[in-house]
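Please look over the sequence and the model below. The text after them goes through a few local features in turn.

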Amino acid sequence: MGPSLDLSLISSWLMICAKQGPKAGVGLATVVIAFVFSTYYNVLMSWALYYLLNSFGATLPWTSCNNTWNEVGNCSSGFPGNNTHLQSASQQFFDHRLLEKTNGIDEAGGIRWELFGLLLFSWVIVYLCIFKGVKSTGKVVYFTAVFPYFILFALLINNVQLPGAKNGILYFLTPVWSKLFEVKVWVNAAAQVFNSIGIGFGSMVSMASYNKFNNNILRDALIVSVTNSFTSILAGFVIFSAIGYMAHIHNLPVDNIATDGPGLVFVVYPEVLSTMPVFQLWAALFFFMLLCLGLDSQFATAEVAVTFIKDEFGPEVLRYLKREELLTLVVCIVFFILGIPHITKGGIYVFQLMDHYTAVVSLMFLAFFEVVAVCWVFGVSKISLMIKRMLGKTPNIFFRLCWRFFCPVLVLCILLSSIAQYSPAKYEKYTYPLWAEWAGWGVSLVSIVWIPLGAIQEIYNNKGSLLQRLKRALTSTIDLDAEDWLPEKLNLDNPASETLLTSVA
């Protein structure tokens with residue numbers, strides 16, 4: 001097994017910023033954001049499990065208005081579109097059966113006990129997959145990462161044969177040029193890419209620490225990026241071909257059905273599935289695919305939090321818990337308890353607030369400072385030299401230009417634009433009260449506050465005038481000619497430096 005994960009993660013950021021000094025604020029912020037993300041993300045898995053368990057009946061429960069949870073006078077058994085006051089049966093199933101949604105975040109409404117049990121079951125699955133560390137996680141991911149592709153291709157083959165699928169695909173492929181000038185589109189796109197690849201959450205850096213020293217990380221970086229984009233496009237074809245079919249059935253424009261957020265996966269697509277031949281099969285496969293995809297993300301972020309505690313406080317913690325498996329169990333229990341507010345009847349408002357301020361706001365700040373630390377403080381020349389020692393060749397001009405100019409400038413532009421055109425979180429038509437907005441900013445600051453605190457501590461620990469302290473804090477002092485940085489020494493004596501090298505691309 002390679003070096004320990006998050007000791008290497010934080011230490012690698014420390015070594016980028018200064019060879020001696022406190023733990024880098026960026027590294028600690030990365031661990032914290034992974035911790036916060038893990039407290040609410042598994043709620044999606046409980047929703048997917050709920051839909052999966054309801055997919056095996058003779059009829060799907062979200063297709064009819066004749067249920068106890070339906071508001072009969074306001075319910076449409078088909079998809080009513082955006083120009084009517086009616087709600088679809090699928091929307092009412094999501095709101096009134098799955099969530100039992102209250103009127104706002106200040107109305108908790110009690111715990112949804114079915115979701116409580118499913119959330120507990122989701123964390124049991126996660127624990128069983130990670131309690132042995134990366135060895136057990138790696139074996140599980142072989143299935144959870146590959147199997148969804150079979151389902152996606154099966155759904156695509158089925159969907160493109162449905163009437164109206166062509167219109168949905170054309171809607172997906174036809175650009176709306178005016179949208180390119182909307183900052184929100186770029187911010188959401190960046191957040192989506194960061195979430196899907198795992199940028200900013202520490203999982204990529206952590207897992208990269210298990211690579212062999214001479215692993216071709218440039219090739220892997222391209223493979224991961226291209227595969228992620230291909231998967232997004234493939235999923236787009238699957239989703240919009242089905243939306244086009246739904247628009248054809250109800251004689252509505254495609255844009256009257258297309259939506260974003262949880263509604264697309266848990267409202268629109270279930271409605272589409274219910275109209276397909278052998279709907280029980282397609283519904284079960286679709287929600288099982290969601291479960292696999294979600295568990296992949298949860299494995300990685302939970303592993304970051306677990307191994308950070310183990311590597312930073314291992315001797316003290318293991319003195320009480322004795323076994324590493326018990327530490328993983330305790331962390332999963334803590335995440336489960338912190339996830340309970342999201343499965344109350346008002347939990348959807350808490351979930352949406354947390355997701356907005358963690359997966360969008362915090363992530364943009366963290367991504368910018370990570371890029372600055374690597375590309376400008378540490379420097380492209382040192383990155384290139386390290387990779388040359390690993391692979392025997394210097395990175396090509398494409399990578400060097402991306403590191404030096406394109407990535408920092410692009411992330412900076414997105415960050416500044418998102419600040420200039422900031423819009424508060426909202427859920428559908430619900431506007432959050434002021435206290436909830438402040439709570440959201442508090443959640444965001446929990447992770448990003450470590451960056452300025454780390455900078456202040458670094459400046460304080462330096463000596464000289466303020467300008468001299470700032471200069472030292474912004475200058476990497478790593479000596480690449482030192483003995484510890486020779487290739488034959490890295491694997492044996494300096495695990496943190498191996499993580500830095502194998503993950504920096």
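Predicted model: local features only at pLDDT ≥ 70, side-chain atom pairs only at ≥ 80, totals over all residues.

Residues are numbered from 1 along each chain as its sequence is written, and side-chain values use heavy atoms, with hydrogens and water left out.

The structure holds one disulfide (a pair of cysteine sulfur atoms within 2.5 Å). Its partners are Cys-65 and Cys-75, with sulfur atoms 2.0 Å apart. The angle about the S-S bond is -80°, and the link of Cys-65 and Cys-75 is left-handed. Cys-65 sits in the loop between α2 and β1 and Cys-75 in strand β1, so the bond ties together parts that are 10 residues apart in sequence. Helices (H or I, at least four residues) and strands (E, at least two) are DSSP runs, numbered from the N terminus. Cys-65 is buried at 13% relative accessibility, and Cys-75 is buried at 12%. Here buried means under 20% relative accessible area, exposed over 50%, and partly exposed in between (1.4 Å probe, protein chains only).

Two other cysteines can be described as well. Cys-292 is buried at 3% relative accessibility; its sulfur lies 10.0 Å from the closest cysteine sulfur, that of Cys-129, which is too far for a bond. Cys-413 is partly exposed at 41%.

Eight of the 10 residues of α3 (residues 89-98) are buried, so the helix is largely enclosed by the rest of the structure. Among these buried residues are Phe-93, Phe-94 and Leu-98. Just after α3, Glu-100 takes a positive phi of about 50°.

The structure holds 37 aromatic pairs; rings of Phe, Tyr and Trp (its six-membered ring) pair if their centres lie within 6.5 Å, and planes under 30 degrees apart count as stacked, over 60 as edge-to-face and the rest as tilted. The rings of Tyr-269 and Phe-286 have centres 4.4 Å apart and planes at 25°, so they are stacked. Tyr-269 belongs to α10 (residues 262-274) and Phe-286 to α11 (residues 279-321), 17 residues apart, and the pair links distant parts of the chain. Both Tyr-269 and Phe-286 are buried. Phe-398 and Phe-399 have ring centres 5.5 Å apart and planes at 70°, so this pair is edge-to-face. Phe-398 is partly exposed at 47% relative accessible area, whereas Phe-399 is buried at 8%.
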